[in-house]
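Trainee: I would like to learn how to read a model like this one, feature by feature. Could you take me through it?

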Amino acid sequence: MTAQPPEHLPPAVPPGGLRASHDDREAVVERLRDAAAEGRIGLDELDARLEQALTAKTYAELDVLTADLPQPPSPADQPPLVLKGGLHGASRGPGSWDVPGHVIARGGLGGVKLDFTRVECRLPEVTVEAYGEAAGVTVVIPDGWAADTGALDPGIGGLKDTTTPDRLPGTPLIRLTGSGGMAGVVVRHPNRWERRKLNSNPARR
């Protein structure tokens, strides 16, 4: 029996024809404003491009507005962020901070905590190279984000992963490497106290 071709499938859409989101339009608006501040485009041209950006429906319509502007550096091209616990500990977040594609966390004697709960990260993947050492490393990720811990050596302190595997579309994967050392590495979602604090201090839009 000859298989029949599937019916009612949507036509293939080229990448430029995909629908743009509000965040995509806002990102182009910021690039255009920066370009005007740098003297790359005039104010009249800025107004015209801003109007087109705010009404654009597809990626192709947005891309043409910045095609003649230098590409901004990608977060993946940034040098690694290095955090050393030392004697007193070190942390990033909660709150907005620039997330590079590679983070190196060394627990030292004071410990390191990485909190991603209030960051905006457009990278598909972030490598966290964690070394628990004497005081440990704790990584907190929002609900909907996922962690891959397969490349991390638990060491003596071990690895504790209480995250859920359900990853929402458009969220980065946190890929953990390194070693648990003496104190271990923990990756988790916010605990009850952290959730209460986040709820009492909602993010600014």
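This is a predicted model: local features need pLDDT of at least 70, side-chain atom pairs count only at pLDDT 80 or more; totals for chains, interfaces and linings use all residues.

Trainee: How many helices and strands does the protein have?

Mentor: Helices (H or I, at least four residues) and strands (E, at least two) are DSSP runs, numbered from the N terminus. The protein has four helices and ten strands, and along the sequence they follow the pattern α-α-α-β-β-β-β-β-β-β-β-β-β-α.

Trainee: In which order do the strands of the open sheet lie?

Mentor: In general, strands of a sheet pair through backbone hydrogen bonds, either parallel or antiparallel. Two strands count as paired if DSSP finds at least two bridges between them. Here five strands form an open sheet in the order β1-β3-β5-β9-β7, with parallel pairing; its edge strands, β1 (81–84) and β7 (146–153), each pair on one side only. Between β7 and β9 (residues 173–179) there are six bridges in the parallel sense, and aspartate 148 has arginine 175 in β9 as its bridge partner.

Trainee: At what angle do helices α1 and α3 cross?

Mentor: Axes are lines fitted to C-alpha atoms, for helices over the stretch in contact, and angles run from 0 to 180 degrees between N-to-C directions. The axes of α1 (residues 22–37) and α3 (residues 59–66) come within 10 Å and cross at roughly 10°. That makes α1 roughly parallel to α3, a label for angles under 35 degrees, where over 145 is roughly antiparallel, 65 to 115 roughly perpendicular and the rest oblique. The contact (heavy atoms within 4.5 Å) involves Asp24, Arg25, Val28, Arg31 and Leu32 of α1 with Tyr59, Leu62, Leu65 and Thr66 of α3.

Trainee: Is cysteine 121 buried or exposed?

Mentor: Buried means under 20% relative accessible area, exposed over 50%, and partly exposed in between (1.4 Å probe, protein chains only). Cysteine 121, in the loop between β4 (112–115) and β5 (125–131), is buried, with a relative accessible area of 12%. Leaving aside neighbours within four places in sequence, cysteine 121 is in contact with Val99, Val126, Trp145 and Pro172. Across the protein, buried residues make up 37% of the 205 residues.

Terms used: Residues are numbered from 1 along each chain as its sequence is written. Side-chain values use heavy atoms; hydrogens and water are left out.
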